[in-house]
Amino acid sequence: MPRQPDLPDPAHHDLDSMLSRKFGREIANYFSGSPLNRVSFLRANHDFISKAFTHPTTQFMLFDNLTPLAQDPSNIAYATYSDIKGLVGENPFEKTEEQMIKDYNSAITLPLVLFLGLDEKKKQGFEHGIYSGTPYFAVDITPKGTVEKEAVSVVEAMKAKGYTFLQGRVAMSLNAPEAAIYAQGRALLDWNARNPYCAGCGQPTLSVNAGTKRVCPPTDFASLPTPQGGATSILTEPRERASCATRKGISNLTFPRTDPTVIMAVVSHDAKRVLIGRGKSWPKFFYSTLAGFCEPAESVEEAVRREVWEESGVLLGRVVIHSTQPWPYPANLMIGAIAQALPDGEKIHLEHDPELEDAKWVELDVIREALRIGASGLDEAPGDEYKEGGIRLPPKTAIANQLLTAVVNGFLGADPKI
């Protein structure tokens, strides 16, 4: 089994507080704990973004088809401005957003460049007013469109340096700080890639605000036979595009989405057992906590109760939120909870929603041992002490592992709080 990375430290973990004494130490899950200050209010500041992009200390995280460039499975390989200049040009933020919209040409592929934030612990020369630190950007170097040749050149140059793009279903081997930066970059690149057309009128959109908004420009220098694209010529004067509701009123932009998802460790009424389930496509003996999406106009607690009943038939009483985990596949926020079954609601039946292959109640000692020797990723082998037939569980980089660990350890502290 590959070595699992350490988890990030919670914010101010060494600070005594009334809330920590009452509710226990804060839990920070993998993909959280970014070292960057996003300074989101500066994304629209043309002077700031333009100077940050070209500063000699700036770090560029490169993605090819959403896979990050890495030195090895644990460490990201950052590029320099000179590495990507041939693809993105002198400065993709040279124009103001107003001018970018005015000059919009949907026939030209603009490589996606996202501002991620400042690492304020690295005071290496970049300053903007009271803000200073090393700027970080994410760049999509996937070969496509009118910049395919330039993108291929960057990809090959990076590989020639001995770097590789991390492959696999999910990248969960990176060290904790870089995993958080990667998660931010991947989620935003994926959202941009999924929204090339306007939801209001179907016409091509433009990425603005350093990669965190998309607009439907009113004009286009490309001559389009259809609203969805397919330019056949470039005009000398921009043509007026069809009217769009997104250009009117205050809701005139498309913003990145985050899908709330509940994931829960369900404890029996006597607090001696935990409910676990397994998906139909999972490896043999692999189980996890139950999970599902929140629906519109539904509280987290209601979503937990509904999902558990739909998937397992178990009825829940009290629900307590434990911690959360960003999950950039593609854009989920996993809201971890611990819940307790009703005295007469522990019977399992899978007739409602056929999502699970199996669900069962397991004693806490069995879960504790499985966490010790049988925790691994879906695509990884368990530990050396694992014996065939024993329960397998997700690794510590998954919030499901942290929820189960909390339950067997008494939930958030030395004194049981269930």
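The model is predicted, so local features need pLDDT of at least 70, side-chain atom pairs count only at pLDDT 80 or more, and totals for chains, interfaces and linings use all residues. Residues are numbered from 1 along each chain as its sequence is written, and side-chain values use heavy atoms, with hydrogens and water left out.

Start at helix 1, residues 18-23. Helices here are DSSP runs of H or I with at least four residues, strands are runs of E with at least two, and both are numbered from the N terminus. Met 18 lies in helix 1. Met 18 counts as exposed because its relative accessibility is 52%. The classes are these: buried is under 20% relative accessible area, exposed is over 50%, and partly exposed is in between, using a 1.4 Å probe and protein chains only.

Move on to helix 3, residues 81-88. Its buried residues are Asp 83, Ile 84, Leu 87 and Val 88. Why do they sit on the same side of helix 3? They cover an arc of only 100° around the axis. That arc is taken from the directions from the helix axis to the C-beta atoms. The face turned away from the buried side carries the exposed residues Ser 82 and Gly 86. What covers the buried residues of helix 3? The cover includes helix 2 (46-54), strand 1 (59-64), strand 4 (78-79), strand 5, strand 8 and helix 5 (148-160). Contact means heavy atoms within 4.5 Å. After helix 3 comes Gly 89, with a positive phi near 90°.

Two of those covering elements pair with each other. Strand 5 (residues 113-119) and strand 8 (residues 134-140) run antiparallel over 6 bridges. Two strands pair if DSSP finds at least two bridges between them. Asp 119 has Thr 134 in strand 8 as its bridge partner. Strand 5 is mostly covered, with 7 of its 7 residues buried.

Helix 5 also contributes to the cover of helix 3. Met 158 is in helix 5. Met 158 counts as buried because its relative accessible area is 1%. Leaving aside neighbours within four places in sequence, Met 158 contacts Leu 62, Leu 69, Ala 79, Asp 83 and Tyr 163. Ala 77 is 81 residues from Met 158 in sequence, yet their C-alpha atoms are 9.1 Å apart.

Now the charges. The structure holds 21 salt bridges. A salt bridge is a side-chain nitrogen of Lys or Arg within 4 Å of a carboxyl oxygen of Asp or Glu. One of them joins Lys 144 and Asp 140 at 3.1 Å, N to O. Lys 144 is partly exposed at 38% relative accessible area, whereas Asp 140 is buried at 10%. Another joins Asp 259 and Arg 257 at 2.8 Å, N to O. Asp 259 is buried at 17%, whereas Arg 257 is exposed at 55%. Arg 372 and Glu 385 also form a salt bridge, their closest N and O atoms being 3.1 Å apart. This pair links distant parts of the chain: Arg 372 is in helix 8 (residues 364-373), and Glu 385 is in the loop between helix 8 and helix 9 (399-408), 13 residues apart. Glu 385 is partly exposed at 47%. Salt bridges that share partners join Glu 295, Glu 298, Arg 306, Glu 307 and Glu 310 into one network.

Finish at helix 9. Is helix 9 largely enclosed or open? Helix 9 is largely enclosed by the rest of the structure, because 9 of its 10 residues are buried. Among them are Ile 399, Leu 403, Leu 404 and Val 408. Their cover includes strand 14 (259-267), strand 15 (273-279), strand 17 (316-327), strand 18 (332-341) and helix 8. Just after helix 9, Gly 410 takes a positive phi of about 100°.
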